[in-house]
Amino acid sequence: MLKYLCYFLVLSVVFEYSLGLYFHIGETERKCFIEEIPDETAILVNYKVELYDPRSQGFMPSSPGIGMHVEVRDPDDKTILSRVYSSEGRISFTSQTPGEHVICLYSNSTAWFSGTQLRVHLDIQVGEHAIDYANVAQKEKLTELQLRIRQLYDQVDAITKEQNYQRYREDRFRQTSESTNRRVLWWSLIQTAILLIMGAWQMKHLKSFFEAKKLV
C-alpha cells in the first residue's frame with residue numbers, strides 16, 4: 001500500500017507541472033492562468049495562435065502580423081515579463097519567489113482580424129519538464145547514462161522544491177489562521193466590553209429615572 005502511495009505522489013508531482021490546452025480569444029479578451037510555483041524554478045510556455053477561417057469554418061495558421069502580448073506577474077503582483085511575441089513561440093523564465101504566478105495573454109492589436117476569433121494552443125511546463133534534455137546532452141556532450149542521471153537529479157530537485165513549497169504554504173496558512181483567531185478573540189472582547197458599557201449606562205439611566213419618579 002505504501003509503495004502505491006509513493007507512486008501516486010510521484011505521478012501527482014509529475015502531472016502537476018505540465019499543462020496543455022487550447023482556448024478561444026477575441027479582439028479585446030484577456031486570458032490569465034495561475035500557476036503555483038516554488039522558488040528558483042524554471043517555467044517554459046509554448047504557444048501557437050490559429051486564425052478562424054469563415055469559409056472552412058475551421059482554424060488555420062495565423063498571418064505574420066498577428067501576435068500575442070504575454071505578461072507574467074509574481075505573487076507580489078510585480079511584473080517580471082511583459083512583451084509582444086509572434087503568433088507562435090516559446091517563453092521561459094525562472095521564478096524568484098514561491099507562490100501563485102499569473103500568466104496573461106491577449107492580442108497585440110484590435111484591428112487586424114475584424115472580430116474573428118483566435119485559437120491559442122498553450123503548453124505550460126514547470127521544473128524539470130521545462131528543460132530540453134536533448135539540447136543539454138548535445139551542449140554538454142553527455143552520454144545516455146550521464147543524461148539519465150542528470151534527469152533523475154533534476155526530478156529529485158523538483159520534488160524537494162515542491163516539498164519546501166508545501167511547507168511554505170502550510171506556514172502561511174498557520175499564520176493566517178492564528179491571525180484570524182486573534183482578530184476573532186479581540187472582536188469578541190470588544191463586543192463584550194461594549195455590552196458591559198451599554199448595560200452599565202442603561203442601569204445608571206434607569207436608576208436616575210426611578211429616582212426622579214420618586215421625587216415627583
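Visitor: Why does F23 count as buried?

Guide: Its relative accessibility is 9%. Buried means under 20% relative accessible area, exposed over 50%, and partly exposed in between, with a 1.4 Å probe and protein chains only. So F23 counts as buried. This is a predicted model, where local features need pLDDT of at least 70, side-chain atom pairs count only at pLDDT 80 or more, and totals for chains, interfaces and linings use all residues. Residues are numbered from 1 along each chain as its sequence is written, and side-chain values use heavy atoms, with hydrogens and water left out.

Visitor: What makes F23 and F33 a tilted aromatic pair?

Guide: The structure holds 2 aromatic pairs. In this one, the centres are 5.4 Å apart and the planes make 50°. Rings of Phe, Tyr and Trp (its six-membered ring) pair if their centres lie within 6.5 Å; planes under 30 degrees apart count as stacked, over 60 as edge-to-face and the rest as tilted. So F23 and F33 are a tilted pair.

Visitor: Which parts does the pair of F23 and F33 tie together?

Guide: F23 lies in strand β1 (residues 18–25) and F33 in strand β2, so parts 10 residues apart in sequence are tied together. Strands (E, at least two residues) and helices (H or I, at least four) are DSSP runs, numbered from the N terminus. F33 has a relative accessible area of 17%, so F33 is buried.

Visitor: Why is the pair of Y165 and Y168 called stacked?

Guide: The ring centres are 6.1 Å apart and the planes stand at 25°, so the pair is stacked. Both residues lie in helix α3, 3 residues apart, about one turn of the helix. Y165 is buried at 5% relative accessible area. Y168 is partly exposed at 31%.

Visitor: What makes E71 and R30 a salt bridge?

Guide: Their side chains meet at 3.0 Å, N to O. A salt bridge needs a side-chain nitrogen of Lys or Arg within 4 Å of a carboxyl oxygen of Asp or Glu. So the pair of E71 and R30 qualifies. E71 sits in strand β5 and R30 in strand β2 (residues 30–37), 41 residues apart, so the pair links distant parts of the chain. E71 counts as buried, at 13% relative accessibility. R30 counts as partly exposed, at 41%.

Visitor: Which residues are linked with E71 in a network of salt bridges?

Guide: R30, R73 and D77. The closest N and O atoms of D77 and R73 are 2.9 Å apart. D77 counts as exposed, at 55% relative accessibility.

Visitor: How do you know that K161 and D157 form a salt bridge?

Guide: Their closest N and O atoms are 3.4 Å apart. Both residues lie in helix α3 (residues 144–215), 4 residues apart, about one turn of the helix. D157 counts as partly exposed, at 30% relative accessibility. The structure holds 6 salt bridges.

Visitor: Where does D74 lie, and what does its side chain reach?

Guide: D74 lies in the loop between β5 (68–73) and β6 (79–85). Its side chain reaches the backbone nitrogen of D76 at 3.0 Å.

Conventions: A polar contact is a pair of N or O atoms within 3.5 Å; within protein, one must be able to donate a hydrogen and the other to accept it, and residues adjacent in sequence count only if both atoms are side-chain atoms.
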